[in-house]
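Have the structure open as you read.

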Amino acid sequence: MLEARLSSFLREGQRLQVSAAAVGAVALAVVLLLLPNWLSGYWLRITTSVLMFATLAQAWNIITGFTGYPAFGNTAFFGVGAYALAILVTKAGLGIPAAIVLAGLAAAAFCAVIGLPILRLQGHYFAIATLALSLFVREAAANLGWLTNGAIGIVLPTLASGSPEEITRPYYYLMLLVLVACCACTWWVSVSRFGYGLRSIKADEDAAACFGINTTLSKLVAWVLSAFFTGLAGAVWALWITFIDPQSAFNLAIAVKFSVMALLGGLGTVAGPVLGALLVEVLTQAIWGAFYAVHLAVLGLAIMLIVLLMPGGLMQLLRDRLATAKRLLATPSAKESWR
Amino acid sequence: MSATVAPALDVRGVVKGFGAVRAVDGVSLAVRSGEVLGVVGPNGAGKSTLVNIISGLVKADAGEIAYRGVPIHRLSPDEVARLGVARTFQIVKPLRDLSVIENVMVGALFGRRQCRSTREARRIAEEALAQVQLGHRAEAECRKISTGETKKLDLARALAMDPDVLLLDEPLAGVGARESQTLIELIVGLAKSGKAILLVEHVVRVVWTISDRVAVLHHGAKIAEGPPKEVAADDQVMAAYLGERYIREVLQRPADDAEPGVSSDGDGGP
Ligand SMILES: Nc1ncnc2c1ncn2[C@@H]1O[C@H](COP(=O)(O)OP(=O)(O)O)[C@@H](O)[C@H]1O
Ligand SMILES: [Mg+2]
């Protein structure tokens with residue numbers, strides 16, 4: 001009896017949580033759509049950067065947070081997306097929307113080809129192999145001059161002119177669109193059959209296979225999805241900064257940043273990487289202003305402290321708080337039957 | 001049972017070496033639907049390796065395995081599982097970060113049932129948890145449950161996969177006496193309902209009471225097989241290979257006792 005009551009109480013709580021989440025999502029959507037009207041050019045650029053890093057952190061979350069494969073070399077797909085877009089726009093004369101989608105698909109296709117051999121590796125070996133991949137692709141971009149202009153780089157046309165706000169606005173919306181798509185995909189992963197497969201692989205790959213999960217295919221699809229959104233973000237980024245070269249498109253500092261963001265926010269959750277991106281970017285700006293000369297050292301220290309103090313990330317912290325609240329709400333007798 | 005019907009599980013001449021160790025040395029076994037085959041033997045006899053080979057996790061060096069007449073020894077573990085061969089683990093592998101019921105749902109989603117909807121999977125998981133009497137822990141985090149409960153969870157997941165063949169690797173290890181009784185009754189019931197069960201168990205007493213036939217492994221080789229009474233009466237085999245102390249101690253110990261002293265007496269045998 002008590003158990004039935006308690007579980008219906010919890011289910012009711014979940015339903016409230018879900019509707020609260022829906023209201024929150026709508027409010028957030030309105031704010032995000034109107035935001036460019038309220039922000040200065042400077043803050044709009046920072047916000048666009050938050051959206052980009054949130055996408056990268058979220059895409060990384062699919063393969064690393066849900067599947068447990070530390071793909072630090074995801075910058076390879078960022079660069080491939082950026083270069084694919086630049087080449088499609090400047091050499092093939094494609095329209096922007098088609099070029100963005102194709103750039104994402106190019107990154108995904110590239111991942112599908114190199115994914116199978118690399119995904120045979122696990123743990124540190126996998127991480128290192130993805131880093132090597134990223135460096136290899138950078139060298140390829142530098143040396144395939146006929147396609148990429150080599151070290152000289154590629155200049156892209158701008159999308160808008162006018163005030164700093166007007167110039168940044170289209171990239172803000174494009175980045176927002178990519179992030180929303182990426183978050184929707186991650187949410188699907190978090191609730192779907194496919195996602196259960198990924199989480200099982202993360203927990204124990206051998207056991208997962210024994211439960212009937214096609215681990216090779218699941219891992220590959222997860223990484224291809226991750227590469228697709230990373231490539232989309234790279235494509236929009238290339239449009240935004242209007243000039244790319246191998247050093248900037250295959251920059252491992254980007255990987256350090258998005259992985260820190262995802263870790264900080266909480267891997268394996270949908271909201272975590274986005275929160276992490278927001279926090280780190282805001283921290284970076286604040287620390288940049290206050291400690292101009294040593295901001296990287298201070299940022300590193302701050303991040304180390306945060307990760308040490310809450311290893312599960314922000315989302316774990318929030319969940320723990322929520323669990324405590326729930327326990328306090330439950331009646332003592334219900335607590336007894338729970339045991 | 002007609003002799004022309006292929007056994008649910010047919011293992012023939014399986015060999016597996018790890019370096020110099022012959023973990024499994026030419027073992028042949030057959031398990032029919034509705035039957036419990038007990039597999040016993042001291043630590044290191046090759047029981048878990050045999051289960052790993054049948055489930056596809058470890059590739060044998062030689063030998064063949066058929067499931068209802070169809071060869072499966074070249075298949076990957078997920079293919080074997082989807083055909084209808086489910087296993088549990090001696091060292092249970094709960095999927096961390098998933099709750100108890102989600103762990104079991106994985107079995108329904110990816111086992112032979114291939115449930116497409118998570119809601120349907122949840123319903124099946126609830127049934128499976130009820131079967132092992134773990135329903136009250138459905139929403140618990142699996143890292144917070146006891147050893148005995150992880151054993152039940154492991155079995156529930158295997159049941160949710162809807163298998164014809166169940167490979168149980170020491171399902172009672174670490175389970176308390178009363179809960180053991182529940183699981184034993186469940187295993188007997190599953191066999192009655194038509195499943196073929198290969199039961200690896202260290203607690204020999206249990207194997208002897210619920211198995212239709214018993215196979216004894218020692219140093220990777222099968223040294224005896226038959227109805228429990230006959231194998232137990234085969235003093236020569238038991239004494240020579242397992243040591244009298246093994247029988248004496250194990251057969252008289254309570255069911256939840258761990259790790260009986262083994263094999264030191266037997267190693268002098270031929
Ligand atoms: N992956 C492995 N690598 C090397 N040796 C192994 C491996 N797995 C099992 N063995 C060896 O094979 C033998 C049989 O082990 P196992 O099948 O676990 O026995 P049991 O389950 O009967 O206790 C042991 O000698 C063990 O050390
Ligand atoms: Mg074993």
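## The antiparallel sheet

In chain B, strand 1 (residues 9-18) and strand 2 run antiparallel and are joined by 8 bridges. Strands here are DSSP runs of E with at least two residues, helices are runs of H or I with at least four, and both are numbered from the N terminus. Across that pair, Asp10(B) sits opposite Ala30(B) in strand 2 of chain B.

Helix 1 (residues 47-54) of chain B packs on this sheet, touching strand 1, strand 2 and strand 4 (62-67) of chain B, and its direction makes about 115° with that of strand 1 of chain B. Contact means heavy atoms within 4.5 Å. Angles run from 0 to 180 degrees between N-to-C directions, with axes fitted to C-alpha atoms, for helices over the stretch in contact.

Zooming out, the open sheet has 4 strands of chain B in the order 2-1-4-5, with antiparallel pairing. Strand 2 (21-31) and strand 5 (70-71) of chain B are at the edges with a single partner strand each, so one side of each has no neighbour in the sheet. Pairing takes at least two DSSP bridges between two strands.

## What the model is

This is a predicted model, where local features need pLDDT of at least 70 and side-chain atom pairs count only at pLDDT 80 or more, while totals for chains, interfaces and linings use all residues. Residues are numbered from 1 along each chain as its sequence is written, chains are lettered from A and ligands numbered from 1 in the order written, and side-chain values use heavy atoms, leaving out hydrogens and water.

## The ligand site

What surrounds ligand 1? The shell includes Phe18(B), Val21(B), Pro42(B), Lys47(B) and Thr49(B), counting residues with a heavy atom within 4 Å. Oxygen atoms of ligand 1 come to 2.7 Å from a polar backbone atom of Gly44(B), 3.0 Å from one of Gly46(B) and 2.8 Å from one of Ser48(B). Helix 1 of chain B gives the largest share of the shell, 3 residues.

## The mixed sheet

The other open sheet has 6 strands of chain B in the order 6-7-8-3-9-10, with mixed pairing. Strand 6 (85-87) and strand 10 (221-226) of chain B stand at its edges, each with a single partner strand, so one side of each lacks a neighbour in the sheet.

Within it, strand 3 (residues 36-40) and strand 8 (residues 196-200) of chain B run parallel, joined by 4 bridges. Leu37(B) has Leu198(B) as its bridge partner in strand 8 of chain B.

Notes. A polar contact is a pair of N or O atoms within 3.5 Å; within protein, one must be able to donate a hydrogen and the other to accept it, and residues adjacent in sequence count only if both atoms are side-chain atoms.
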